[in-house]
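Work through the exercises below with the sequence and the model side by side. Try each task before reading its solution.

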Amino acid sequence: MSVTRTAPAAPQPGPAPTPAPSTTAAPAPARQISASGVAGRAVAVVRSWLSGTPGRMRLALIASAAASVLFGIAAAQGFAEAGGALSRADANTAQLVRLQAIHTNLVRADAVATNAFLVGGLEPADQRQEYENALSEASRLITDAARSQPADNAALAELNTALVNYSGLVEQARANNRQGLPVGAQYLRDASSGLRLTALPLLENLVTANENRVTTEFDGIGRGYIWLSASGLVALVVIGGSMLWLARRTHRYINMPLAIGGVGILLATIVGSAALSNVGVAVDDIRKGPYASTLALAQARISAYDAKSNESLTLIARGSGAAFEKAWVAAAEQVDQRLDTAVALSDDAQPSRDAWSGYTNVHQEIRRLDNGGDWNSAVTLAIGTGEGSSNSQFDAFDRASSEVLDSSVQQTRSELADAGNTLPLWRWVCFAVGLLAALCAWWGVSQRLEEYR
Amino acid sequence: MSRRITIAALLAGALLLAGCGSSEYEATPLPGATASPSPAPSSAPTAAPTCANELASYAPANEPEGAQLAKIRKQGRLIAGVSADTLLLGARNPVSNAIEGFDIDMLHMVADAIFGDPNKLELKVITSAQRIPALTDGTVDIVARNMTINCARWQQIAFSAEYYHSGQKLLVSSKSPETTLDQLSGKRVCAPNASTSLEKLKQFTKVVPVAADTHTGCLVMFQQGKVYAITGDDTVLAGLAAQDPYAKVTKAPAFTAEPYGLGMPKNDPNFVRFVNKVLEDAKADGRWKAAYDRWLAEALGPAPAPPRPVYGR
């Protein structure tokens with residue numbers, strides 16, 4: 001296989017094997033001698049095995065083969081890390097979506113409870129049902145979320161407590177309200193403010209923690225490069241060095257098997273890097289596209305429900321609800337910002353923005369009526385469910401935004417899965433290339449070693 | 001040797017590939033502990049300003065209408081600051097959504113005198129602490145919210161003549177043996193912020209004062225076992241006791257005098273004179289007694305003689 005330039009250099013005989021030390025059994029002191037004798041013999045064997053040109057060849061063989069195998073392992077580890085980071089990013093995104101759904105359901109339950117309260121007397125059965133649905137959905141999701149991310153457990157346990165307290169206070173508010181007792185309103189206010197004081201900060205922490213986890217994992221995809229390129233570089237240097245030394249020593253320009261192994265590793269490094277960089281580009285697109293949409297829409301919905309609660313609370317406060325209206329304005333600003341972001345990312349969010357501005361128009365009308373002293377008409381507009389009422393406009397926004405949110409979540413998750421689906425293949429390809437290169441190194445150097453027998 | 005290395009490498013590789021990528025995350029942080037209802041700041045009760053006769057208001061007279069009344073006529077309704085959760089005095093009826101009570105009836109009389117229509121009235125719900133700010137910043141034209149006439153408040157706003165004579169009492173659980181604040185040393189007792197009840201409560205130094213926004217807020221804490229008792233005017237406590245079968249107003253006599261007046265902005269005495277005329281007429285022609293009988297008689301006994309107006313300011 002090797003290209004012959006001149007006759008092979010004359011084999012140089014290795015040094016004469018050192019005579020084996022005596023191994024005759026001796027009592028305790030002799031045992032030490034024997035042990036050091038065995039070690040000495042082993043060292044001598046290794047020295048003889050590695051000495052001279054054949055010994056150096058053996059060293060080159062070991063170094064090249066080891067570097068090749070290590071390349072295989074490290075490259076595989078690089079792809080495994082990238083793949084792991086991707087799938088963890090996916091899992092964390094799913095958790096994030098779950099937490100935002102919990103948040104949405106809580107503010108939705110509160111919005112419905114406060115609105116139903118405004119109706120006075122017997123609350124409408126369908127609103128009652130909506131409240132119950134939102135709460136049971138939230139508590140189901142809390143269980144799911146706790147199962148999916150152990151790091152969230154402590155916060156979710158607290159959240160569960162806050163939820164139980166909240167629903168307890170709302171029930172007391174209802175019970176008192178049904179008896180016509182004004183203390184019911186106080187229980188509802190306490191429930192609402194307790195929810196905002198305890199549950200919502202917990203959720204904010206949870207959401208932030210999971211957003212950070214997603215970001216960490218997205219960034220972690222780049223670590224795959226380091227494994228792949230560093231191990232590729234080391235292997236190429238070692239193999240290249242071996243080839244150079246062999247060429248000098250054997251007067252053959254190229255050791256073909258070693259060269260093939262080296263080219264294999266070079267190709268695997270280049271093509272593998274390209275594959276990883278493709279994944280990186282795809283993930284970047286997801287981050288700036290559907291993932292950003294998902295975040296924006298989820299946050300828009302949360303702020304929107306918060307605004308809706310505050311609309312009712314403003315009316316319940318009846319004339320001294322300035323603080324609640326201020327909270328409405330702040331929440332509405334958030335909604336506008338998030339929806340602008342979502343629309344900039346995708347036209348699909350446009351219907352949500354239209355529906356939201358329809359709702360804000362009704363809200364302005366409610367405020368106009370209430371500020372003008374017509375509290376009763378304001379309430380009628382706020383609690384009605386007919387065409388053009390606050391509730392029906394808000395429902396339109398709810399439907400439009402939940403639809404587009406669902407589709408952007410789907411898109412994020414399926415694109416993340418697609419981006420990572422070649423990674424396992426690459427992992428095995430690189431591992432196999434490493435092993436094959438090691439075999440090539442063994443074969444190539446053995447050929448040269450044969451010439452010394 | 002190289003073969004052994006290869007085998008070892010194979011094994012290591014297989015292990016690596018099998019056990020790739022598990023990340024442990026730090027636990028999600030919990031937000032800081034939330035505050036539970038804290039005892040009201042125990043500032044030493046400051047010496048209340050005194051004046052010759054706090055009950056003295058402006059005598060009704062045939063003066064021309066002042067700026068305040070003109071403004072109210074122009075806006076087409078009387079805007080009043082009231083309570084929506086003080087049963088019997090001013091409370092939202094959860095069934096009809098209307099705010100009703102003894103205080104509210106006084107306002108209907110004033111609206112009737114201005115417009116000839118008792119319902120030309122816009123009710124703004126305010127807390128105890130908002131009563132004086134709402135008047136000084138012009139949010140409301142008049143406040144009818146179990147407001148005690150005293151010298152300190154006269155410095156910021158004006159009062160009508162006294163329209164009801166109340167006094168501070170104590171509400172405890174129906175099984176509690178205690179009847180006075182003196183017996184409650186070390187116990188938590190609730191009163192609303194910026195109320196005369198809270199000021200008086202702070203004079204009982206052995207009691208732990210707890211403040212809430214409203215008396216109803218106190219009732220919620222009482223029902224949750226966060227406070228042992230509530231102190232306030234007999235009228236207000238009667239309304240609280242009516243909402244909780246396990247609460248009672250103790251039989252001990254009132255330990256303060258709480259003359260109620262309608263609060264108005266300080267700048268226009270003529271409006272106060274106008275309102276005083278309305279109250280005087282109502283006391284004389286039986287409308288005052290009718291309102292008392294409708295709201296308070298059941299809880300507080302048969303109607304006393306209406307408080308005699310004092311003028312001379």
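The exercises cover confidence, fold, interface, core and strand pairing.

Residues are numbered from 1 along each chain as its sequence is written, while chains are lettered from A and ligands numbered from 1 in the order in which they are written. This is a predicted model: local features need pLDDT of at least 70, side-chain atom pairs count only at pLDDT 80 or more, and totals for chains, interfaces and linings use all residues.

**Exercise 1. Find where confidence in chain A is lowest and where it is highest, by helix.**

Step 1. Start with the average. pLDDT is the predictor's confidence in each residue, from 0 to 100. Chain A averages 86, and 92% of its residues score at least 70.

Step 2. Go to the helices. Helices (H or I, at least four residues) and strands (E, at least two) are DSSP runs, numbered from the N terminus. Helix α1 (residues 28-50) of chain A has the lowest mean, 69. Helix α9 (residues 350-371) of chain A has the highest, 94.

Step 3. Check the start of the chain. Residues 1-30 of chain A stay under 50 in pLDDT.

**Exercise 2. Decide whether chain A is a compact globule or more spread out.**

Step 1. Count elements. Chain A has twelve helices and zero strands.

Step 2. For 453 residues the rule gives 22 Å; chain A has 36 Å, well over that, so it is more spread out than a compact globule.

Step 3. Look at the box. Along the principal axes, the C-alpha atoms of chain A fill roughly 115 × 60 × 30 Å.

**Exercise 3. Describe the side of chain A that touches chain B.**

Step 1. Count contacts (C-beta atoms, placed from the backbone, within 7 Å). Here 48 residues of chain A meet 42 residues of chain B.

Step 2. Name the helices. α2 (52-119), α4 (153-178), α5 (183-220) and α12 (423-450) of chain A each supply at least two residues of this side.

Step 3. Sort by class. Ala, Val, Leu, Ile, Met, Phe, Trp, Tyr, Cys and Pro count as nonpolar, Asp, Glu, Lys and Arg as charged, and the others, Gly among them, as polar. The side of chain A that touches chain B has 26 nonpolar, 14 polar and eight charged residues.

**Exercise 4. Locate the residues that touch the most other members of the largest nonpolar core.**

Step 1. A residue is buried if 20 or more other C-beta atoms lie within 10 Å of its own, exposed if 12 or fewer, and partly exposed in between; C-beta atoms are placed from the backbone. A nonpolar core is a set of buried Ala, Val, Leu, Ile, Met, Phe, Trp, Tyr and Cys residues joined through C-beta atoms within 7 Å.

Step 2. Read off the residues. They are B:Val189 and B:Ile230, in a core of 213 residues. α2(A) gives the most to this core, 32 residues.

Step 3. List neighbours. Beyond four places in sequence, B:Val189 touches residues including B:Leu181, B:Tyr228 and B:Ile230.

**Exercise 5. Trace the pairing of strand β9 (residues 168-173) of chain B.**

Step 1. Check burial. Five of the six residues of β9(B) are buried, so the strand is largely enclosed by the rest of the structure.

Step 2. Find partners (two strands pair if DSSP finds at least two bridges between them). Five bridges join β9(B) to β12(B), antiparallel. Three join β9(B) to β13(B), also antiparallel.

Step 3. B:Leu171 bridges to B:Ile230 in β12(B) and to B:Val249 in β13(B).

Definitions and conventions. Contact = placed C-beta atoms within 7 Å. Rg over C-alpha atoms; globule rule 2.2 N^0.38 Å.
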